[in-house]
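Work through these exercises with the model open beside you. Try each task before you read its solution.

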Amino acid sequence: LQILAGYFVLRLKGDSVRTLGELRPAFGLDMLLADDASHLLRGVLNYFSIFNIWYILILGLAFAYLTGTSKGKAYGATAPVWILGMLFSVVASSFQR
């Protein structure tokens, strides 16, 4: 869904896309930040898009359902999966200008 949403955003922009940064539309919470925000904060908030929040919710609920554990234990058990992805996002954002 995120790919389709990005495609439609780029199609709506049309010929106004001028830079490579504009080819990746922001769906994360980082779009609420000022331009001078730190790379660390920008990387963390960039990870939490509506699509990743939905992924984290479904991952925890599915794990709880499939294993029969509580939701809290399921989110604790699945936390390393999305935390690793968030760390990759933070590292990648530290290399951007």
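**Exercise 1. The overall fold**

How many helices and how many strands does the secondary structure of the protein come to?

Solution. Keep in mind that this is a predicted model. Step 1: count the elements. There are 4 helices and 0 strands. The run is α-α-α-α. Step 3: look at burial. Of the 97 residues in the protein, 22% are buried.

**Exercise 2. The span of a helix**

Why does the distance between the end C-alpha atoms of α4 agree with the span it should have?

Solution. Step 1: take the residues. Helix α4 covers residues 71-94, and these are 24 residues. Step 2: find the expected span. The rule is 1.5 Å times one less than the number of residues, so α4 should span 34 Å. Step 3: compare. The end C-alpha atoms of α4 are 33 Å apart, which agrees.

**Exercise 3. A bend and a buried side**

Find where α4 bends, then list its buried residues.

Solution. Step 1: locate the bend. Helix α4 bends by about 40° at Thr-78. Step 2: look just past that residue. A proline, Pro-80, follows within four residues. Step 3: list the buried residues of α4. They are Ala-74, Thr-78, Ala-79, Trp-82, Met-86, Ser-89, Val-90 and Ser-93. Thr-78, the residue at the bend, is in this list.

**Exercise 4. Rings in a cluster**

How many aromatic pairs does a search of the whole structure find?

Solution. Step 1: count. The search finds 2 aromatic pairs. Step 2: describe the pair of Tyr-47 and Phe-48. Their ring centres are 5.4 Å apart, with 85° between the planes. Planes over 60 degrees apart count as edge-to-face, so Tyr-47 and Phe-48 form an edge-to-face pair. Step 3: describe the pair of Phe-48 and Trp-82. It is edge-to-face too, at 6.0 Å centre to centre and 65° between the planes. Phe-48 lies in the loop between α2 (39-47) and α3 (50-67), and Trp-82 lies in helix α4. The pair therefore ties together parts that are 34 residues apart in sequence. Step 5: join the pairs. Tyr-47, Phe-48 and Trp-82 are linked into a cluster.

Tyr-47 has 10%, so it counts as buried. Phe-48 has 19%, so Phe-48 is buried. Trp-82 has 18%, so Trp-82 is buried as well.

**Exercise 5. A patch on the surface**

Which residues form a nonpolar patch on the surface?

Solution. Step 1: name the members. They are Ile-53, Trp-54, Leu-57 and Ile-58. Step 2: give the area. Together they have about 380 Å² of accessible area. Step 3: check one member. Ile-58 lies in helix α3. Its relative accessibility is 39%, so Ile-58 counts as partly exposed.

Technical notes: Residues are numbered from 1 along each chain as its sequence is written. This is a predicted model: local features need pLDDT of at least 70, side-chain atom pairs count only at pLDDT 80 or more; totals for chains, interfaces and linings use all residues. Side-chain values use heavy atoms; hydrogens and water are left out. Helices (H or I, at least four residues) and strands (E, at least two) are DSSP runs, numbered from the N terminus. Rings of Phe, Tyr and Trp (its six-membered ring) pair if their centres lie within 6.5 Å; planes under 30 degrees apart count as stacked, over 60 as edge-to-face and the rest as tilted. Buried means under 20% relative accessible area, exposed over 50%, partly exposed in between (1.4 Å probe, protein chains only). Patches are made of residues with over 30% relative accessible area and no salt bridge: like charges are joined within 9 Å, nonpolar side chains (Val, Leu, Ile, Met, Phe, Trp, Tyr) within 5 Å. Accessible areas come from the Shrake-Rupley method with a 1.4 Å probe; for residues, only the protein chains shown count as cover. A salt bridge is a side-chain nitrogen of Lys or Arg within 4 Å of a carboxyl oxygen of Asp or Glu. The bend at a residue is the angle between axes fitted to the seven residues ending there and the seven starting there.
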